[in-house]
Amino acid sequence: MKHNQIKDFYKTIFRSYDKPSLETHIKKIIELDNYLPYSSTFFCITNTQSLEFEYISKNFKACLGLDSNLLKTKGMRYFWSRIHPDDLEKWLKALNELMEFTLGNINLEDRQKANYTWNYRFKNAEDVYVNLIQNTTPLAFDSLGKPIIGLAHYTVLHSDIKMDISASAKLLNSQNEYETIYFNNYGQKLLSEGISNRERDVIRLLVLDYSSKEISQKLNISPHTVDTHRRNILKKLNISSTGELIGMLKMNQNLF
C-alpha cells in the first residue's frame, strides 16, 4: 500500500472540520514527562487532522533509537513508513472499525471515558521490526463527538514475540474499571470468537493475578458469576485449568 493511499484513507477515518486547542493538554504532559523515568514505553499527543505529533516524550529515542525531531518534522507519514508493510492494511481496518464502533455505539457523553488499544510491527533504528502496542485515550473531540486528538501510549515488545494484530475498545464503568466493549483480532484467533466481552474482562483480570472475589468487586458482579465465567472460558477454549489459560495469554495481556 502506497503512503498517499494510507494518508487518504486515514484522513477519511478521522475527517473533521474542527481544530480544538491543545495548549493546556500539551503544557501539562510536558511537565509530567520531565519526571518520568526512562523505560520501554513512550507517549505522544497525536493530531489526526494535521497528521502531526503535537508532542513526543523523551523515551521515544530510548525505546526505538530514532530521532524524535525527525518524527516531529515529518509527522505521521514518517511514522507510517516504518510500520511493517504486511500490517498496514490490517491496522487501517482496525482503526476504521474502531471509529465506526465509537460513532455508532458509544454515547457522546461517554466517549471521553473510552480507551482504545491496537498493535503492529514497527521498524526501529537498527532496522528490526519490534512489536508496538498502542493505547490511545481521546483528549479532544470535534463538534460531532468524533475523537480527533489523542494521548497515545506505546509499549515496545521484543521482535521475537509473535502477535496477531488486534484492536479493542474499553469504557470506564461505575466502578472506575475499564470494561471491554469491543474486540477484534485481525490475524489467527488467539481467543475464539465465542468468547464474550465480559469473559474477556475476566480473562484480563485473571492474567493480572486477581482472585475471583477481587474480579467480582472490580466488575460489579457476584463471585459466583465470576466462577461461572471461568468455567465457561475453560470449556470454550478446551483448556483444563486457569493456570494453563494464563500461561497461554501472559505475553498478550496488553490486548485484553
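Me: How many salt bridges does the count come to?

Reply: The count comes to 9 salt bridges, where a salt bridge is a side-chain nitrogen of Lys or Arg within 4 Å of a carboxyl oxygen of Asp or Glu. This is a predicted model, in which local features need pLDDT of at least 70 and side-chain atom pairs count only at pLDDT 80 or more, while totals for chains, interfaces and linings use all residues. Residues are numbered from 1 along each chain as its sequence is written, and side-chain values use heavy atoms, with hydrogens and water left out.

Me: Why is the pair of R121 and D87 called a salt bridge?

Reply: The closest N and O atoms of R121 and D87 are 2.8 Å apart, which is within the limit, so the pair qualifies. R121 sits in strand β3 (residues 114-123) and D87 in the loop between α4 (68-81) and α5 (88-105), 34 residues apart. Helices (H or I, at least four residues) and strands (E, at least two) are DSSP runs, numbered from the N terminus.

Me: What makes D87 buried or exposed?

Reply: Buried means under 20% relative accessible area, exposed over 50%, and partly exposed in between (1.4 Å probe, protein chains only). D87 has 5%, so D87 is buried. R121 has 29%, so R121 counts as partly exposed.

Me: How do you know that R198 forms a salt bridge with E179?

Reply: Their closest N and O atoms are 3.6 Å apart, so the pair meets the rule. R198 belongs to helix α6 (residues 197-207) and E179 to strand β7 (residues 178-185), so the bridge ties together parts that are 19 residues apart in sequence. R198 is partly exposed at 22%, and E179 is partly exposed at 22%.

Me: Why are the buried residues of α7 said to line one face of the helix?

Reply: In α7 (residues 212-219), S212, I215, S216 and L219 are buried. Seen down the axis, they fall within an arc of 100 degrees, so they line one face; the arc is that of the directions from the helix axis to the C-beta atoms. On the other side of α7, K213 and Q217 are exposed.

Me: What do the buried residues of α7 pack against?

Reply: They pack against α6 and α8 (223-237), where contact means heavy atoms within 4.5 Å.

Me: Why is the pair of F79 and F122 called tilted?

Reply: Rings of Phe, Tyr and Trp (its six-membered ring) pair if their centres lie within 6.5 Å; planes under 30 degrees apart count as stacked, over 60 as edge-to-face and the rest as tilted. By this rule there are 10 aromatic pairs. The rings of F79 and F122 have centres 4.6 Å apart and planes at 35 degrees, so the pair is tilted. F79 lies in helix α4 and F122 in strand β3, so the pair ties together parts that are 43 residues apart in sequence.

Me: What makes the pair of W91 and Y120 edge-to-face?

Reply: The ring centres of W91 and Y120 are 6.2 Å apart and the planes are at 70 degrees, so the pair is edge-to-face. W91 is buried at 4%, and Y120 is buried at 1%.
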